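Subject: Structure for your review

Dear colleague,

Please find below the structure that I am handing over to you. I would be grateful if you kept it open while reading the notes that come after it.

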Amino acid sequence: MRIFLDTANIDEIKKGARLGIVSGVTTNPTLVSKEGLSDYKAVVKEICSIIPGPVSAEVVVEGTQAMLEQAREIATWAPNVVIKIPSTIDGLEVISALTRDNIKVNMTLCFSLNQALLGALAGAAYVSPFVGRLDDVGHDGMQLVKDIVEVFRYYHLKTEVLAASIRHPLHCVVAAKAGAHIATVPFKVLMQMMKHPLTDVGNARFLSDWQSVQQR
Ligand code: G3P
């Protein structure tokens, strides 16, 4: 399972890049607004220059024509930009049109297997089931990831399953076991994934034991 960072924070993305395990970034309008950023194009271009892998940027208009126009504009910002299109009926039409133009799409706000299937049939490069938001309303978000992976495998669909709205490290464990191609994680969750108290205790013990060896 590959790891993307789910953030618009440039420092977090630079740190993730140094770790060498971040192969893409996903942003959304909420994440951009949280950073107090206003120049959307500049932010997306900067992220695309830091991470050579896919960087998802979302359309922020409604209606087929407006979404198509904005998507085509965003697609010119960088070679590695991927357009996030919502899982709506208009969105489906837009995904099909963009796919015909070889523009990569991440179908976002996906909350059902049917939406994922239609997005894949329309040619989306990625579908993003929002796990945490399903959990928030009493559904099992990870079950949706498992179902999508199973159905895509069954029909040999090329669309990748991008587990999104990840809230904690256990989500990453279950997504990996389910066969999700990618998990997009907030920076905090990425840090938590690598942290283990026994590693810290063991490391401190090795260092102090080594100091006693030096003092002999
Ligand atoms: O990847 C989608 C993500 O940004 C949404 O996360 O925590 O707002 O549901 P959240």
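This is a predicted model: local features need pLDDT of at least 70, side-chain atom pairs count only at pLDDT 80 or more; totals for chains, interfaces and linings use all residues.

The ligand

Around the ligand are the residues D6, N28, L31, F130, R133, A164, S165, R167 and T184. By class, this shell consists of 3 nonpolar, 3 polar and 3 charged residues.

In S165, a side-chain N or O atom is 2.6 Å from an oxygen atom of the ligand. For R133, the distance from a polar side-chain atom to a ligand oxygen is 2.7 Å. In R167, a side-chain N or O atom lies 2.9 Å from an oxygen atom of the ligand. Taken on its own, the ligand has 310 Å² of accessible area, and the protein covers 82% of that area.

The largest pocket

The space in the largest pocket amounts to about 260 Å³. Its lining is made up of 14 residues, of which D6, N28, L31, R133 and S165 are the closest to the centre of the pocket. Which element gives the largest share of the lining of the largest pocket? That element is helix 2 (residues 29-34), with 3 residues. The lining as a whole divides into 5 nonpolar, 4 polar and 5 charged residues.

The second largest pocket

The second largest pocket holds about 190 Å³ of space. Its lining consists of I3, K15, L19, I21, L190, M191, M193 and M194. Two or more residues of this lining are given by each of helix 1 (10-19) and helix 10 (187-194). Helix 10 supplies the largest share, with 4 residues. The lining of the largest pocket, by comparison, includes 4 polar and 5 charged residues.

With kind regards

Technical notes
Residues are numbered from 1 along each chain as its sequence is written. Side-chain values use heavy atoms; hydrogens and water are left out. A residue is near a molecule or strand if one of its heavy atoms lies within 4 Å of it. A polar contact is a pair of N or O atoms within 3.5 Å; within protein, one must be able to donate a hydrogen and the other to accept it, and residues adjacent in sequence count only if both atoms are side-chain atoms. Accessible areas come from the Shrake-Rupley method with a 1.4 Å probe; for residues, only the protein chains shown count as cover. Ala, Val, Leu, Ile, Met, Phe, Trp, Tyr, Cys and Pro count as nonpolar, Asp, Glu, Lys and Arg as charged, and the others, Gly among them, as polar. On a 1 Å grid over the protein atoms alone, a cavity is a set of points where a 1.4 Å probe fits but cannot get out, and a pocket is an open set with protein on both sides within 12 Å along at least five of seven lines; lining residues have an atom within 4 Å of a point. Grid points are joined across faces, edges and corners, and a volume is the space filled by probe spheres set on the points.
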